[in-house]
Amino acid sequence: MSLFIGINILMGIKKQCSYRDYWSSAPDLNDAYISSLMPVNRFSWLLSHLHVNDNSVMPKKGDEHYDKLYRIRPFLDFILKNSQRLYNPNKIIAIDESLIKFKGRHSAKQYLPKKPIKRGYKVWALADKNGYLWNFEIYTGKSGDLAEKNLGARVIKKLSQPSQNKNHHLYFDNYFTSYPLMTFLKSKNIHACGTVNMTRKYLPTLKLDKELKTGEYD
């Protein structure tokens, strides 16, 4: 199994159109190193039979426990648990969205036309100033026909929960920023800073820049 996982990692570095090309009889496609590690039929059998969750008890669509990522959920939980166990994040942390490029078929795939990567899996990510990914959640879309309200605030509260009462400095952009969220974070001893959309509710009415004198602030 270690060899099988290692081959998959190596295939991510030495990319081919099909995994079978690594064992191809064509000299321009064949990879002598990978093909020497394991027969193609053995690799193919493991690829089709490897599971990390029990599919026989997978909740059906419409069930309250239905999970689009059920098949890999134990693996994701394992990665997250060890990411947090092995590292204490820097005092300065940030939360933002990231996109994992993917063009195949999956109901969790997102299309964001204004992003450099337009199609893939959206990931809500908490990283520290050194770039270490310390907490994350893969976004699987809305549940049912209703769009989730206050999604940004919910994401911030969930990802920052392990950082509460530790005096971290948390940064995020205007998608997340709101007065109720900042108040909540302050109550949990998280010092938050974010750009703000001035059309959001509960914001004070500020003076125009041209009305301020030199050295004056509002």
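In the predicted model, the lining of the largest pocket takes at least three residues from each of two domains, domain 1 (1-49) and domain 2 (87-194). The volume of this largest pocket is about 1,400 Å³. A total of 31 residues line the largest pocket, and those nearest its centre are Asn 8, Leu 47, Ile 72, Phe 75 and Tyr 121. Two or more lining residues are given by each of helix H1 (2-13), helix H3 (40-49), helix H4 (73-85) and strand S1 (92-101). H1 makes the greatest contribution to the lining of the largest pocket, with four residues. In terms of residue class, the lining of the largest pocket consists of 19 nonpolar, six polar and six charged residues.

At least two lining residues of the second largest pocket are supplied by each of H4, strand S4 (133-138) and helix H5 (151-160). The largest share is that of H4, from which five residues of this lining come. By class, the lining of the second largest pocket divides into eight nonpolar, eight polar and 11 charged residues.

Key: Residues numbered from 1 in each chain as written. Predicted model: local features only at pLDDT ≥ 70, side-chain atom pairs only at ≥ 80, totals over all residues. Heavy atoms only, no water. 1 Å grid on protein atoms, 1.4 Å probe; cavity = no way out; pocket = protein on both sides within 12 Å on 5 of 7 lines; lining within 4 Å. Points joined across faces, edges and corners; volume = space filled by probe spheres on them. Nonpolar A, V, L, I, M, F, W, Y, C, P; charged D, E, K, R; others polar. Domains from an automatic or database assignment.
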